[in-house]
Amino acid sequence: MKNKLALNTRSFLKILNEKHLNITSAARDMGIDRSHLLRVLKGKQASGRKFIEGALRICDGYSFDDLFFSAGVVIKIPNNRPAKKEAM
């Protein structure tokens with residue numbers, strides 16, 4: 001089990017809008033690839049050290065807690081569905 005740190009996407013996009021930054025320029029200013037930023041925004045990739053540092057740099061004046069939150073403990077639950085019976 002592991003605590004997961006997640007980007008507050010709504011807050012982050014609001015800040016980008018206030019600073020007149022689009023995704024491409026935000027990624028460039030953060031020092032990451034545009035595709036990396038998009039994957040984090042879509043929840044397909046976790047934000048790493050470089051992403052967090054870049055986000056805090058371009059969102060100066062905002063705190064860590066404004067941008068990120070703990071998504072809690074991730075627990076994998078096994079699938080307890082009964083197996084399908086084959087038709088004869």
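From the N terminus on, the chain reads β-α-α-α-α-α-β. That makes 5 helices and 2 strands. Helices (H or I, at least four residues) and strands (E, at least two) are DSSP runs, numbered from the N terminus.

Some ground rules. This is a predicted model, so to speak of local features we need pLDDT of at least 70, side-chain atom pairs count only at pLDDT 80 or more, and totals for chains, interfaces and linings use all residues. Residues are numbered from 1 along each chain as its sequence is written, and side-chain values use heavy atoms, with hydrogens and water left out.

Burial next. Of the 88 residues, 27% count as buried. Buried means under 20% relative accessible area, exposed means over 50%, and partly exposed is in between, with a 1.4 Å probe and protein chains only.

Now the aromatics. Rings of Phe, Tyr and Trp (its six-membered ring) pair if their centres lie within 6.5 Å; planes under 30 degrees apart are stacked, over 60 edge-to-face, and the rest tilted. The count by this rule is 2 aromatic pairs. One of them joins Phe12 and Phe51: tilted, 6.3 Å centre to centre, with 40° between the planes. Phe12 sits in helix 1 (residues 9–18) and Phe51 in helix 4 (residues 49–58), so this pair ties together parts that are 39 residues apart in sequence.

On to the salt bridges. The term needs a side-chain nitrogen of Lys or Arg within 4 Å of a carboxyl oxygen of Asp or Glu. How many does the structure hold? There are 3.

Take Asp60 and Lys19. Their side chains meet at 3.0 Å, N to O. This pair links distant parts of the chain, 41 residues apart: Asp60 is in the loop between helix 4 and helix 5 (64–67), Lys19 in the loop between helix 1 and helix 2. Lys19 is partly exposed, at 31% relative accessible area.

Next, Arg49 and Glu53. Their closest N and O atoms are 3.1 Å apart. Both are in helix 4, and because they are 4 residues apart there, about one helical turn separates them. Arg49 is exposed, with a relative accessible area of 61%. Glu53 is partly exposed, at 40%.

Then Asp29 and Arg28. Here the closest N and O atoms are 3.9 Å apart. Asp29 is partly exposed, with a relative accessible area of 35%, while Arg28 is exposed, at 58%.

Back to the loop between helix 1 and helix 2 (23–30), where we find His20. His20 is not a glycine, yet it has a positive phi of about 60°. His20 is also exposed, with a relative accessible area of 72%.

Now the surface. Which residues form a nonpolar patch? Leu5, Leu56 and Phe64 do, with about 210 Å² of accessible area together. Patches are built from residues with over 30% relative accessible area and no salt bridge; like charges are joined within 9 Å, nonpolar side chains (Val, Leu, Ile, Met, Phe, Trp, Tyr) within 5 Å. The areas come from the Shrake-Rupley method with a 1.4 Å probe; for residues, only the protein chains shown count as cover.

Look at the members. Leu56 lies in helix 4. At 30% relative accessibility, Leu56 counts as partly exposed. Phe64 is in helix 5, and counts as partly exposed at 35%.

Last, the largest pocket. Its volume is about 200 Å³. The search uses a 1 Å grid over the protein atoms alone: a cavity is a set of points where a 1.4 Å probe fits but cannot get out, and a pocket is an open set with protein on both sides within 12 Å along at least five of seven lines; lining residues have an atom within 4 Å of a point. Grid points are joined across faces, edges and corners, and the volume is the space filled by probe spheres set on them.

What lines the largest pocket? 13 residues do, and Ala6, Val40, Gly43, Gln45 and Ala46 lie nearest its centre. Strand 1 (3–7) and helix 3 (34–41) each supply at least two lining residues. Strand 1 gives the most, with 4 residues.
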